[in-house]
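Dear colleague,

Please read them with the model open beside you.

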Amino acid sequence: MKFKSNFPLILASQSPRRQELLNMLGVDFTIKPSTKDEPDPQQFQTALGYVLACAAQKAQEVAADNRDSVVIGSDTIIVLDEEILLKPKSKEQAKSYLQKLSGQTHHVITAVTVVHGDSELSFHETVQVTFFELPEAWIDAYINTEDPYDKAGAYGIQTVSGLFIKDIQGDYNAVVGLPVAALTQKLNAAGFISLEGSGVQC
């Protein structure tokens, strides 16, 4: 099964994980990352409000110069007891994040905004993730790799740190960085993609 894009499609992200997930559709797309700094989380009353704003900012920025295209922006955050855990900026911060997550249940929220011309749609997926208790030696070994530093919360479910995870309730791909199944439904419903060879939407 393969889809075709009915408009030029742009992914406003340089994340290789999001690119791999969008490739599942089999559609051609261009990568044009947003260049603006993400907003300050302290400006928002809720974590959901923050992640929705981040996704919208990415899509809107790229769409402003590509009005004929369908632009997809996405952002993922980790939330533990209402604290947002972003990408760690140091080994110390990565270790602190993983110590907090150890043995606890947290939420992963991925927001997506799709912009085409003057139209815009946004949605999000929230996934509940529980970690095993992590031995200190495991944390120390992991933060000495390159893996934690481009990932919210200092871990990636699709990498070796997936071994830290005891349970997941929700969309695995949303934790990776893009709820591609829900996105496919919405792109198809909006007429932005269609099943290749069918000439009609599913």
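The axes of helix H3 (residues 91-101) and helix H4 (residues 136-143) come within 10 Å and cross at roughly 140°, where axes are lines fitted to C-alpha atoms over the stretch in contact and angles run from 0 to 180 degrees between N-to-C directions. Helices here are DSSP runs of H or I with at least four residues, and strands are E runs of at least two, numbered from the N terminus. H3 and H4 are therefore oblique to each other, a word kept for angles that are not under 35 degrees (roughly parallel), over 145 (roughly antiparallel) or 65 to 115 (roughly perpendicular). Lys91, Ala94, Lys95, Leu98 and Gln99 in H3 meet Glu136, Ile139, Asp140, Tyr142 and Ile143 in H4, contact meaning heavy atoms within 4.5 Å.

This is a predicted model, in which local features need pLDDT of at least 70 and side-chain atom pairs count only at pLDDT 80 or more, while totals for chains, interfaces and linings use all residues. Residues are numbered from 1 along each chain as its sequence is written, and side-chain values use heavy atoms, with hydrogens and water left out.

Glu125, in strand E7 (residues 119-131), is partly exposed at a relative accessible area of 24% (buried is under 20%, exposed over 50%, partly exposed in between, with a 1.4 Å probe and protein chains only). Glu125 and Gly170 lie 45 residues apart in sequence, yet 8.1 Å apart in space, C-alpha to C-alpha. Beyond neighbours within four places in sequence, the contacts of Glu125 include Val108, Thr110 and Ala182.
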